[in-house]
Amino acid sequence: MKRLRFLGPHREEAVGTLLGWLWLKRVALAGLLVVVLLVPQLFSTFFASSIGVQSLVLGIAAASIIFLNAVVGMVSLAQTALYGVAAYTTAKLAVDLGVDPWLAALVAVGVTVVVALLFGAVASRSGGIYFLMITLASSVITYYFFSQVTAFGSHEGINGVTPPALLGKPFVDPTGMYYGALICSVLIYVLVRYLRRTPFGYALQGVRDESIRMRALGFNVPLLRTAAFAVGAFIAAIGGVLLVWYNSSISPGTIDLTRTIDLLTIAVIGGLGRLEGAWLGALLFTLIQTYSPRYTDRFETLIGLVFLAVVLASPGGIVGISGSLDRWVQRRLAGRKA
Amino acid sequence: MATSPPVAGALRVRGLSCRFGGVQAVSGIDLDVAGGERRAILGPNGAGKTTLFNLLSGEVYPTAGHVEVFGQDVTLTPARKRIKLGLTRTYQTSRLFPRLSVAENIYLAVVGAEGGQLRPLRLHRDDEFEARARQIASRVGLNDRLEVVVASLSHGEQRQLEVALALGGKPKIMMLDEPAAGLSPAERGSLTDLLVSLDPAVTLLVVEHDMDVALRVAQRVTVMHEGRVVADGTPAEIRGNQLVHDLYLGRAYQPPSPSGRGQGGGRSVTD
């Protein structure tokens, strides 16, 4: 209620309007949640699979970018490569070595985190544009590694990955896969929210805001950055495992530079400042990617225009729009009552 | 105020020099500060006071000389390890965490001194740390601003928080870099009261342009000019020192060595 002081003399009336607005927002959010929960029941198999599952999986990958940016202030271009590491490891273990899919997934996440610790140990000593370039280099190295090494199928990649029986067959009945990806998304969201309120999370936010001060306060800044990078890789790895289960295959084309930029585009469209933006950006991206071929074959141009429109209209991305609306309503109220 | 003779040395600096490219920021500084001593460091802008602090806190490494803290050589010890010896500092321009609240800022200072930076779980200890953070906030007069995001604090409150962050690290030696910069007279008064009321066991080094603050807090004053110590004594001695008068009131001053930059003495330095 402290924030309502600006409303001035006709406070009660204005508070009524404001509460109405907040109530409207809450109803809209609840409606959205119901729809998200019932996607397999409300929509066609095609939609639930191509839009539903795909948005959730891409959203998880984009969430790793947003986590790193929002909490630690590091913009990483390595997240696509890292989810590629997880996808390739899962595929290799399951298809070529016949390992149980759950065990393969577990090992894949572990391997990705270890790779990220190595990449992170190098990249985390730098910041800003230099960090961006080093993560881009890691991304390119990873791409060439998988496209050259025959043990990983070089250009063909690895085909015939089957998800665990519990998740079903994504293209026949996406229900299991959808809820699997939804649960993972919710867990990641909750994990990041919890992490922000732990000593580790506060330390990361301190590094984001003022790393010189953090050093003077006794924190090991490169170590914190590296650890954060590993947490980002953990999130991306979950996305990678789900991706390879969903596509039943992985090839270098899935982790090339175009995909790296796609993922960054998703994160920026959704909003780099807040985690939920990842899934909103992924949803918009997937919708355009899936339905634009019906009208035009210029997907890149279209997504570029959407990117520009979102960035210009709301620098905070899609999630930023809610905040902009809040401020707009407040200004309107304050203006009318003045 | 009588100066007590140095008992146990808190800080011992010998021949400390630091060169940035063509600029000799600090040259050949010797400094002895006793445990619990209150020392003011004065000098016009560009005298090397902040560089001296950066050398003592480990943010910059010296090109020559060495630093001992409580008898331990820390010349090349990384900044983050010096806090374990109880060395804390503030900054001339505030270095705070603008997107966190006042309570969270001080909490970070407490956690930093206690270690456990990679702890991804909230434990019972954190309640204790937060309680200590609140206690420190009330010492610097920020107890009713705990939940306020730092970016929306006033300048004066941000300066108070600077001091709070230095207090959060269980300081044995506190280095305050112009804590009163930009404060109103009333705020200066309460800051001075706070500094005077600090635990007498804490060694205090204060860089301060405000003579009233500096001379009220300090038992001993070191005056720097062009990277060198040019005077050292009790506040009374420094008040009567002709050289210091010249430096601060703008009489022409010839640098003591030809290697000095030969300018800066002619201007009045009052900020």
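This is a predicted model: local features need pLDDT of at least 70, side-chain atom pairs count only at pLDDT 80 or more; totals for chains, interfaces and linings use all residues.
Visitor: Which residues is Ala236(A) in contact with, leaving aside its neighbours within four places in sequence?
Guide: The cut-off for contact is C-beta atoms within 7 Å. With neighbours within four places in sequence left aside, the partners of Ala236(A) are Ala61(A), Ser64(A), Gln79(A), Leu82(A) and Tyr83(A).

Visitor: How many Å apart in space are Ala236(A) and Val329(A)?
Guide: In sequence, 93 residues separate Ala236(A) and Val329(A). In space, C-alpha to C-alpha, the distance is 37 Å.

Visitor: Which residues have the most contacts inside the largest nonpolar core?
Guide: That core has 170 residues. Helix 10 of chain A gives the most to it, with 19 residues. Those with the most contacts inside the core are Ala62(A), Leu82(A), Ala237(A) and Val241(A).

Visitor: Why does this core lie between domain 1 and domain 2 of chain B?
Guide: The bounds are 1-80 + 172-271 for domain 1 and 96-170 for domain 2. The core lies between them because residues come to it from both domain 1 and domain 2 of chain B.

Visitor: Which residues does Ala237(A) touch, not counting residues up to four places away in sequence?
Guide: Ala237(A) is among the residues with the most contacts inside the largest nonpolar core. Beyond four places in sequence, Ala237(A) touches Leu82(A), Tyr83(A), Ala86(A), Ala108(A), Val109(A), Thr112(A) and Val113(A).

Visitor: Which element gives the largest share of the side of chain A that touches chain B?
Guide: The contact joins 21 residues of chain A to 30 residues of chain B. Helix 8 (199-209), helix 9 (211-216) and helix 10 (221-247) of chain A each give two or more residues to the chain A side. By type, that side divides into 11 nonpolar, 5 polar and 5 charged residues. The largest share, 7 residues, comes from helix 8 of chain A.

Visitor: Where in chain A is confidence lowest, and where is it highest?
Guide: Chain A averages a pLDDT of 91, and 96% of the residues score at least 70. The lowest mean, 79, belongs to helix 14 (residues 317-337) of chain A. The highest, at 97, is in helix 10 of chain A.

Visitor: Within chain B, which element gives the most to the side of domain 1 that touches domain 2?
Guide: Chain B is divided into domain 1 (1-80 + 172-271) and domain 2 (96-170). Each domain gives 9 residues to the contact. Strand 7 (173-177) and helix 6 (185-196) of chain B give two or more residues to the domain 1 side. The most, 3 residues, comes from helix 6 of chain B.

Visitor: Is Glu226(B) buried or exposed, and why?
Guide: Glu226(B) lies in the loop between strand 9 (220-225) and strand 10 (228-233) of chain B. Its phi is positive, about 50°, although it is not a glycine. Glu226(B) has 25 C-beta neighbours inside 10 Å, so it counts as buried.

Visitor: How many other C-beta atoms lie within 10 Å of Phe70(B)?
Guide: Phe70(B) is found in the loop between strand 4 (64-69) and strand 5 (72-73) of chain B. Its phi is near 50°, a positive value in a residue other than glycine. Phe70(B) is partly exposed, and the count of other C-beta atoms within 10 Å is 17.

Conventions: Residues are numbered from 1 along each chain as its sequence is written. Chains are lettered from A and ligands numbered from 1 in the order in which they are written. Two residues are in contact if their C-beta atoms, placed from the backbone, lie within 7 Å. Helices (H or I, at least four residues) and strands (E, at least two) are DSSP runs, numbered from the N terminus. Ala, Val, Leu, Ile, Met, Phe, Trp, Tyr, Cys and Pro count as nonpolar, Asp, Glu, Lys and Arg as charged, and the others, Gly among them, as polar. A nonpolar core is a set of buried Ala, Val, Leu, Ile, Met, Phe, Trp, Tyr and Cys residues joined through C-beta atoms within 7 Å. A residue is buried if 20 or more other C-beta atoms lie within 10 Å of its own, exposed if 12 or fewer, and partly exposed in between; C-beta atoms are placed from the backbone. Domain bounds come from an automatic or database domain assignment. pLDDT is the predictor's confidence in each residue, from 0 to 100.
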